[in-house]
Amino acid sequence: MTPVPAQELVLRDAVTSDVPCLSVLASQVFLDTYATEGITPWFARELEEHLGVAAVAAWLAAADAWVVLAERDGRLIGFAQSTRRVTHALLTTPAARAFELVRLYVQRPFLGRGIGTALLRRCEAEAKSDGASTLWLTAWVGNERARRFYAARGYVDRGATTYTFDGESFENRLYARQWR
Ligand SMILES: CC(C)(COP(=O)(O)OP(=O)(O)OC[C@H]1O[C@@H](n2cnc3c(N)ncnc32)[C@H](O)[C@@H]1OP(=O)(O)O)[C@@H](O)C(=O)NCCC(=O)NCCS
């Protein structure tokens, strides 16, 4: 696929007025990725609780949160949501030197055009400038496209974690990249 030319891709920090569009894009990508066999009440609750307007406003307001947007022609096509200074039991990095990538989402028509990589590299640069030595994330074990994407970019599978919401549990894999 044709890459989105660098001059057409704008990466910028999210601000409060971005919340409605961020919520819509996050919901769309979440459903495209995970609700591939129809919608259940669980999806409705997950969306409202974690990706609704109030939830996204809370992401931005949280201490140590950082959200970067990818835009083309002034339209939102991707984003990365991160938390500074947070570590995980599977890592030896102290919280002060760890940076979590909470979500990396690109709208389906723009997949495979370099936007995910551009957002990931931007997060790595932000983490480094924040004094972090590790960027880490969790990906659903069945999300093979994402797992391949991170593995190809230097992220190492460090073990299993469990995501539980509303009575359902899912195995995730924790990936981390360390640079010093
Ligand atoms: C995972 C995800 C963020 C990757 O984003 P993306 O924009 O498709 O990523 P890129 O285009 O940078 O790279 C993906 C593939 O496209 C190709 N690609 C990379 N750069 C490219 C470029 N400049 N031009 C064309 N193709 C490119 C490569 O084949 C690459 O695969 P590789 O890992 O074998 O190198 C995206 O698939 C996504 O949003 N998925 C849904 C949500 C999700 O699963 N998020 C992760 C949850 S943890």
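Start by selecting helix α1 (residues 19-34) and helix α3 (residues 53-61), which pack with their axes 9 Å apart at an angle of about 115°. The axes here are lines fitted to C-alpha atoms over the stretch in contact, with angles running from 0 to 180 degrees between N-to-C directions. That makes α1 and α3 roughly perpendicular (65 to 115 degrees counts as such). Now show the side chains that make the contact: Val19, Pro20, Leu22, Ser23 and Ala26 on α1, facing Val53, Val56, Ala57 and Leu60 on α3. Contact means C-beta atoms, placed from the backbone, within 7 Å.

A word on what you have open: this is a predicted model, where local features need pLDDT of at least 70, side-chain atom pairs count only at pLDDT 80 or more, and totals for chains, interfaces and linings use all residues. Residues are numbered from 1 along each chain as its sequence is written.

Next, select strand β5 (residues 134-140). Six of its seven residues are buried, so β5 is largely enclosed by the rest of the structure (buried means 20 or more other C-beta atoms within 10 Å of a residue's own).

Click Phe99 and you'll find its bridge partner in β5, Leu135. To get from β4 to β5, follow the chain through helix α4 (residues 115-129), a right-handed β-α-β crossover.

Last stop: strand β7 (residues 168-178), antiparallel to β5 over seven bridges. Pick Trp136, whose bridge partner in β7 is Ala176.

Definitions and conventions
Buried ≥ 20, exposed ≤ 12 C-beta atoms within 10 Å, placed from the backbone. Helix = DSSP H or I, 4+ residues; strand = E, 2+ residues; numbered from the N terminus. Pairing = 2+ DSSP bridges. Right-handed = clockwise from strand over helix to strand, strands pointing away. Parallel < 35°, antiparallel > 145°, perpendicular 65-115°, else oblique. Contact = placed C-beta atoms within 7 Å.
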